[in-house]
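This report describes selected helices, ligand surroundings and individual residues. The structure comes first, and the notes follow.

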Amino acid sequence: MKPKVYITRRVPDEIIVKIEKEFDIRIWDETDVPVPREVLEKEIVDVDGLFCLITETVDRELLEKAPQLKVVSNMAVGYNNIDIKAAKEKGITVTNTPGVLTETTADLTFALLMATARRLIESSDYLREGSWKTWSPMQLTGQDIYGATIGIIGMGRIGAALAKRAKGFDMNVLYHNRSRKLSLEKDLNMKFVELDSLLKESDFVCIMTPYTPETIDLISARELSLMKKTSILINTARGGIVNEEDLYHALKRGEIWAAGLDVFEQEPISLDHPLLTLPNVVTVPHIGSASIKTRMKMAELAAENLLLALKNQTPKHVVV
Ligand code: GLV
Ligand code: GLV
């Protein structure tokens, strides 16, 4: 009997075909609706492998229902949707997809930084709603990017890829990370600083850390109050690293100048969320890695990790 695999979303056919060659698969056959929890709880009962997305909460309770489960392959670099400790205790391998999305996510982060600094969305709306009557000296003026100081919190792969882009704009690059990255510092001519200094000195503060118990609410009222009034906060990492209520108040009171957000505490963010009432917030729906090529690579890598784990070989990227 072939091992059984459950796939929690319709991924491209090529990927399904590849998995289907070796395993008995069942799939939640929707593209834009996540699998309901009760369905997932039923499906997981007899499977050997789970191919899932960040929209699935793979907690202890779910893992307890899956006596056969050997691998959870997450099609994402982040894995805060999975209870890693519980998986480890049960001897279940967890895999993720780092590397393939680094450049694409850094691209989006820089795009969001630029869109926020130069008020691109607001300007586009201004034109379309007929507000553009004349060229005017201070109309829709934003913040300069070239030559500004960027503070990157979290210097992993994506942080480093962002620093490279910032260098191209002659930015002064500061970073904060749990550990110093000496060779990167030298290569990119960037400076390690404590978090408070980074917040005080940066024109752009970019969050590039994973979501862990240590980074929950890392940026809250106190941290926002240290930032410059002209500064911009960019978060393409995970919602919940920035406290949204505190961010709303800081933006509303003009303690910081603007924010660009790709990620939220609740996804999708509710349409009556106060942040969405502010003109100085640019929001996009968690599209950091969303290029056609990169999403294909992530799906391929997630399939490959799953296949290797179920053949008792070492997957390319093992979390636990
Ligand atoms: C997406 O957010 C990912 O973690 O890959
Ligand atoms: C993810 O790839 C990271 O290490 O930043």
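## Ligand 2 and its shell

The model is predicted. In the shell around ligand 2, helix α7 (residues 157–168) gives the most, with three residues. The residues around this ligand are V77, P98, T102, G156, R157, I158 and G159. Sorted by class, the shell around ligand 2 has three nonpolar, three polar and one charged residues.

## Helix α7

Helix α7 has 12 residues, and the distance from its first C-alpha to its last is 17 Å. That is close to the 16 Å expected at 1.5 Å a residue. After α7 comes D170, which has a positive phi near 50°.

Which residues of α7 are buried? They are I158, G159, A160, L162, A163 and A166.

## Ligand 1 and its shell

What surrounds ligand 1? Its shell consists of I54, A76, V77, G78, L101, G288 and S289. By class, the shell around ligand 1 has four nonpolar and three polar residues, with no charged residues.

## Packing of α1 with α12

Packing between two helices is described by the angle between their axes and the distance between those axes. For helix α1 (residues 13–22) and helix α12 (residues 292–310), the angle is about 10° and the axes are 10 Å apart. Angles under 35 degrees count as roughly parallel, so α1 is roughly parallel to α12.

On the α1 side, the contact is made by I15, K18, I19 and E22. These meet A299, E300, A303, L306 and L307 in α12. The residues of this contact divide into six nonpolar and three charged, with no polar residues.

## Helix α12

Helix α12 has 19 residues and spans 27 Å from its first C-alpha to its last, close to the 27 Å expected at 1.5 Å a residue. N312 follows α12 and has a positive phi, near 60°.

The buried residues of α12 are T294, M298, A299, L301, A302, A303, N305, L306, L307, A309 and L310. Among them, A299, A303, L306 and L307 are also part of the contact with α1. Besides α1, the cover over the buried residues of α12 includes α5 and the strands β1 (4–7), β3 (49–52), β4 (71–74) and β5 (93–95).

Why does K200 count as partly exposed? K200 has 14 other C-beta atoms within 10 Å, and a residue is partly exposed when its count falls between the exposed limit of 12 or fewer and the buried limit of 20 or more. E201 counts as partly exposed because it has 18 C-beta neighbours inside 10 Å.

Not counting residues up to four places away in sequence, E201 touches T149, G151 and L174. E201 and R119 are 82 residues apart in sequence, and their C-alpha atoms are 22 Å apart in space. K200 and S231 are 31 residues apart along the chain, with 9.4 Å between their C-alpha atoms.

Note on methods. Residues numbered from 1 in each chain as written. Chains lettered and ligands numbered in written order. Predicted model: local features only at pLDDT ≥ 70, side-chain atom pairs only at ≥ 80, totals over all residues. Axes fitted to C-alpha atoms, helices over the stretch in contact; angles between N-to-C directions. Helix = DSSP H or I, 4+ residues; strand = E, 2+ residues; numbered from the N terminus. Parallel < 35°, antiparallel > 145°, perpendicular 65-115°, else oblique. Contact = placed C-beta atoms within 7 Å. Nonpolar A, V, L, I, M, F, W, Y, C, P; charged D, E, K, R; others polar. Near = placed C-beta within 6 Å. Expected span 1.5 Å × (residues − 1).
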